[in-house]
Protein chains: 4
Amino acid sequence: MTRVAGKALVVCVVAALLCGCGGGEADREPASQRPTPDAAALDREVRVLVAYASVTGSTAAMAEAVADGVRRVEGASVVVREFDAVTADDLADADAIALGSPTYFAGMPATVKVVLDRWGRDPKIDLTDKIAGAFSTGGGRAGGKESVLTALHAYALSRRMIVAGPLYERGSGAWGELGATARIEPGDEGPDAAELESATRLGERLAGLVARRVP
Amino acid sequence: MTRVAGKALVVCVVAALLCGCGGGEADREPASQRPTPDAAALDREVRVLVAYASVTGSTAAMAEAVADGVRRVEGASVVVREFDAVTADDLADADAIALGSPTYFAGMPATVKVVLDRWGRDPKIDLTDKIAGAFSTGGGRAGGKESVLTALHAYALSRRMIVAGPLYERGSGAWGELGATARIEPGDEGPDAAELESATRLGERLAGLVARRVP
Amino acid sequence: MTRVAGKALVVCVVAALLCGCGGGEADREPASQRPTPDAAALDREVRVLVAYASVTGSTAAMAEAVADGVRRVEGASVVVREFDAVTADDLADADAIALGSPTYFAGMPATVKVVLDRWGRDPKIDLTDKIAGAFSTGGGRAGGKESVLTALHAYALSRRMIVAGPLYERGSGAWGELGATARIEPGDEGPDAAELESATRLGERLAGLVARRVP
Amino acid sequence: MTRVAGKALVVCVVAALLCGCGGGEADREPASQRPTPDAAALDREVRVLVAYASVTGSTAAMAEAVADGVRRVEGASVVVREFDAVTADDLADADAIALGSPTYFAGMPATVKVVLDRWGRDPKIDLTDKIAGAFSTGGGRAGGKESVLTALHAYALSRRMIVAGPLYERGSGAWGELGATARIEPGDEGPDAAELESATRLGERLAGLVARRVP
């Protein structure tokens, strides 16, 4: 509510200035000193956290590509962290969180869930209303990369987050996908250009949603 | 962005009028009696569409419970429609859409997917950025009710929507769930009170998110 | 099959030696011409049904590749049918059923579920204990092809079937996948060789399981 | 391997018959009175492993109920083990494995995946062709209990297993479910009778499939 209020207030002030609203009681109290529930919201960037685990570097490469997408959005900043390094402050500061995981036996590795479970047990880490997106890497065509996305989405919903995926357009068509994935086979040097682009689109999507939501 | 820009313009005009751009009356009105910035920002109601299919009436009962939850949010209005009756305008007008389905053989019935596919093929029906939630009914404890939720979420993401679920609190705990479900066994008269409450929470969640998002 | 067959041959020889099989008519018949133990156990052929829907021909190509895999198994026969053409007898006769579907908006198209729902409503069509496998086609990297596999698996379990996926080996490694998928983008002429091979492995897996299960 | 051993026995008998081992008696016995291949094949018990993790005791109670179901099948034996206590021999000996997990934040806890990942990395633990079933416990109606089943199924398929769920009948109807689940809310003393019965049906299903599959 406060963010919306803030936007309205700012707009109101701008409108007042524009139309030369120049007299009366209310004017004497400087706008800047009035409680502005949301002015606070406007004074900072959109912040996206990219949290990932990577063994061979492929998921790390996807994480960097997600970050590139965030940076495409004006006023958005991004923090990229391996899961183990994510702090409570990283989480608290984030408007959106992209979760990235390799695929181990058609699911996320235990090392990822260890961290996600820890976040869930710490009552100070409230993720309510933050926007979540997911990306994964793994071998094989139907080896569970998408199951990892779905599992990360389920986690996000259980933590009161909101889930979004990357957007695509081609010709007159427009669609979305569940997340971003990269198929990595032995000998591959990492995600290919199209896979990195899907990750970038995920980052752009998350930051864009916040940017439009934050007043 | 354009929607926000447009909305900002409306707010600007409203603000200009309120602040008496050009005259004194408005200024003398005490701040506390002025429309709150929030109300000002809402150039229109939050609108939630509840689209569902029901054979025995159970999913219909859940749909009505979702609608009750929407109505808990100030300034939110709700339209409840069987899938077959949903119009392109219903979809275009909705800020959020709750999708409700029975469970047939662990998935949504063909009759539901017929409509969802039709929405996807009609290029005029753009659901981008609308918030989606899901509810389902079905027999059995592990008969696929949750799989229906997941399938509806996947649909929503493919249509460029954003996914949210109902929120719960108990004591110091707070969590979310994937959606709302009701287990209906032969002889049951419909969803029980707790199941209806989960549907209501879903409706409240969707409307609440929109209310806070709409500038 | 070959491993079991080979082992059976060894056992056969050992048994013959142990029991002092030293003379008589049977001995003169070369082992290779005798009914193999496996074949003896099979009072009839292993029968696999490949049921699919295809719009552009890609899923049809995958269906044919599944059939190729079935034919790799000695004593296995295969029937390939579009969903609409599957009869109750096709289903009753099948020991295993491969279900193939395009991906529409991250799920199976309504046209596929129409048929699956019909099978479920017809009490004469009992699929209990038949082995199920799934394959899908679709655009995008995370557009729901795997979600279609999972949905088909859920259907199969709801119909009392048993679920299996294709097997792979590389070096000392051996793993399985959820099913077979093909990513089809505009301009593609259909599944590539590796995708067809995954479908073939699915067919081989299903027929192989039946061949070893049938007494 | 044990199945192969069973098959070898059958083959041995068949081979003996074919080569006329022992002379006349056996030959004169009508085929219908001879030991069926199936009976002959059951040279040993059907063995089911129930592997689970439990914090409050609810999943342990479900595990015991699964074991009860195994014992309903003649000639079936069951070993119940907490995940941490499962040995490589337990896995090697099992014809079927029931995997049971609590639900943590809509997925299996890290402590469960730690063990499942370990099984996957140890090349000596080959689960090919073993039958898998899943059960889970957790709070809430749509809190992820079914997602845990689906994740366990995906794991099983990635490990080359075959997936089955419990069977139900009512009147003229017969269906299957994805697995067995128990909803546990604060104050509950554990799974209720119907939930335990679903676990029992899962155990009966797994053992029954093996009993009929072993040649």
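In this predicted model, D:Arg159 touches A:Phe105, C:Gly176, D:Gly120 and D:Leu127, leaving out residues up to four places away in sequence; touching, or being in contact, means that the C-beta atoms of two residues, placed from the backbone, lie within 7 Å. D:Arg159 sits in the loop between helix H7 (145-158) and strand E5 (162-163) of chain D. Helices (H or I, at least four residues) and strands (E, at least two) are DSSP runs, numbered from the N terminus. With 23 C-beta neighbours inside 10 Å, D:Arg159 counts as buried. The cut-offs are these: 20 or more other C-beta atoms within 10 Å of a residue's own make it buried, 12 or fewer make it exposed, and anything in between is partly exposed, with C-beta atoms placed from the backbone. D:Asp129 is 30 residues from D:Arg159 in sequence, and the two C-alpha atoms are 9.0 Å apart in space.

A word on conventions: residues are numbered from 1 along each chain as its sequence is written, while chains are lettered from A and ligands numbered from 1 in the order in which they are written. As the model is predicted, local features need pLDDT of at least 70 and side-chain atom pairs count only at pLDDT 80 or more, whereas totals for chains, interfaces and linings use all residues.

Now for the fold of a chain. Chain A has 8 helices and 8 strands, and 58% of its 215 residues are buried. Of the contacts in chain A between residues at least 6 apart in sequence, 83% link residues at least 24 apart.

The contact between the two chains draws 20 residues from chain C and 20 residues from chain B. On the side of chain C that touches chain B, H6 and helix H7 (145-158) each supply at least two residues. That side divides into 11 nonpolar, 6 polar and 3 charged residues, where Ala, Val, Leu, Ile, Met, Phe, Trp, Tyr, Cys and Pro count as nonpolar, Asp, Glu, Lys and Arg as charged, and the others, Gly among them, as polar. The copies meet through the same surface, since 100% of the interface residues of chain C are also interface residues in chain B.

Helix H6 (residues 110-121) of chain B packs against helix H6 (residues 110-121) of chain C at an angle of about 175°, with the axes 8 Å apart. Axes here are lines fitted to C-alpha atoms, for helices over the stretch in contact, and angles run from 0 to 180 degrees between N-to-C directions. H6(B) and H6(C) are therefore roughly antiparallel to each other; angles over 145 degrees get that label, those under 35 count as roughly parallel, 65 to 115 as roughly perpendicular and the rest as oblique. B:Ala110, B:Lys113, B:Val114 and B:Asp117 in H6(B) meet C:Ala110, C:Lys113, C:Val114 and C:Asp117 in H6(C). By class, this helix contact has 4 nonpolar, no polar and 4 charged residues.

Next come the strands. In chain C, strands E6 (residues 167-170) and E7 (residues 173-176) run antiparallel and are joined by 4 bridges; strands count as paired if DSSP finds at least two bridges between them. C:Glu169 stands opposite C:Ala174 in E7(C). E6(C) and E7(C) make a hairpin with 2 residues between them, and C:Gly171 in the turn has a positive phi of about 60°. In chain B, strands E6 and E7 also pair in the antiparallel sense over 4 bridges, with B:Trp175 in E7(B) as the bridge partner of B:Tyr168.

Most residues other than glycine have a negative phi. B:Phe105 is in the loop between strand E3 (96-102) and H6 of chain B, and counts as buried with 23 C-beta neighbours inside 10 Å. B:Asp129, again not a glycine, has a positive phi of about 75°. This residue lies in the loop between H6 and strand E4 (131-138) of chain B and is partly exposed, with 18 other C-beta atoms within 10 Å.
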